[in-house]
Amino acid sequence: MAIRVALIGTGNAGRIALRGLITNPAYDLIGVWVSTPAKVGREAGELAGLDVRTGVVATDDLAAIIDAKPDAAVYCAMGDTRLPDALKDVCRLLAAGINVIGTAPGVLQYPWGVIPDKFIAPIEDAAQQGKSSVYVNGVDPGFVTDLVPLAFASTCESVEQIRCLEIADYATYDGAEVMFDVMGFGNSLDEVPMLLQPGILSIAWGATIRELAAGLGVTLDAVTDSCEREPAPEAFDIAAGHIPEGGVAALKFQINGIVDGKPLIVVEHVTRLRSDLRPDWAQPAQPGGSYRVEITGEPSYAVDICPTSRHGDHNYAAIAAGVGRVVNAVPAVVAAPPGIVTTLDLPLVTGGIQITTAPKG
């Protein structure tokens, strides 16, 4: 029997998730929630960019989604700039007996030690009340920073360091709120954007760092972070808007999980808006962008992950990969015991994957 699902949010990730939920016979789409007034009342197939009619129209009323009683909600609403509201949404859904599988809020990837217990307890209580589960993942933070490194580390006799990198040109990414408000691209170097406020990097990727530590069976002494920014040599335009001369055009940051005074776990991001900026920083394994997992140990590994897509460029492919990780996890999370579940708790999440023949031509 198909799993009754609802989608929460139809932005860059949500649109891709919506397509997967509509086209996959494992799922029965029964509701779509949107935050943009212009999308209210629109057909789900139209919002997904598909030439199909589902009979489901978008609503901005979360209560209507809850009243429809889906088995699961795929949560793709913005979590970065509205964390308290996102956590409240998750609690409402869980308490109503609706399993939540999402790309946000990212702290729920592994919240212990990242956010105070007083914020975790209501989520666990809601899950117990509704006998439901919540799983948050994606690409990075996500499978590149938990599933992949732990899979390779499982073959090692010893591990000195695990380093997970995203190396990408974001010029074609059209999420203005993330690009300008969260990451601070285009801003003066004197301005400190949300992501670079003290401690935020260690929270945003702290779940990843702590989950890897738990998977390795170690206790962290501390989590530290650092960043560098590079100004634009001249003005230019990107998909999200305008970058003035002198505005931030490249960003590198690093989060370290410290054990015995040394960085055992490292997450590093190198984000450029032009490929010629800061050639001394790490370079992608394919034009546009890639991910890399480096394990120093016995044996050591260097694993390059190069997402591509028939529907878009490297940025689209990366979002699609993160969304696929979540959508395919729905059956496993529905079957999981109540509470917050992580990649450490789940089997390989292949239950939602569609098997198709390759297109001709």
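Glutamate 228 and lysine 252 form a salt bridge (a side-chain nitrogen of Lys or Arg within 4 Å of a carboxyl oxygen of Asp or Glu), with their closest N and O atoms 3.5 Å apart. Glutamate 228 belongs to strand β8 (residues 222-231) and lysine 252 to strand β11 (residues 248-259), so the pair ties together parts 24 residues apart in sequence. Helices (H or I, at least four residues) and strands (E, at least two) are DSSP runs, numbered from the N terminus. The model is predicted: local features need pLDDT of at least 70, side-chain atom pairs count only at pLDDT 80 or more, and totals for chains, interfaces and linings use all residues. Residues are numbered from 1 along each chain as its sequence is written, and side-chain values use heavy atoms, without hydrogens and water.

Glutamate 228 is partly exposed, at 35% relative accessibility. Buried means under 20% relative accessible area, exposed over 50%, and partly exposed in between (1.4 Å probe, protein chains only). Arginine 278 and aspartate 280 form another salt bridge, at 2.7 Å between the closest N and O atoms. Aspartate 280 is exposed, at 57%. A network of salt bridges links Glu228, Glu230, Lys252, Arg278 and Asp280. The structure holds ten salt bridges.

Aspartate 89 and arginine 82 also meet in a salt bridge, at 2.9 Å from N to O. Aspartate 89 is buried, at 13%. Arginine 82 is partly exposed, at 22%.

Seven strands form an open sheet in the order β3-β2-β1-β4-β5-β6-β15, with parallel pairing. Strands pair if DSSP finds at least two bridges between them. The edge strands, β3 (58-59) and β15 (339-340), each pair on one side only.
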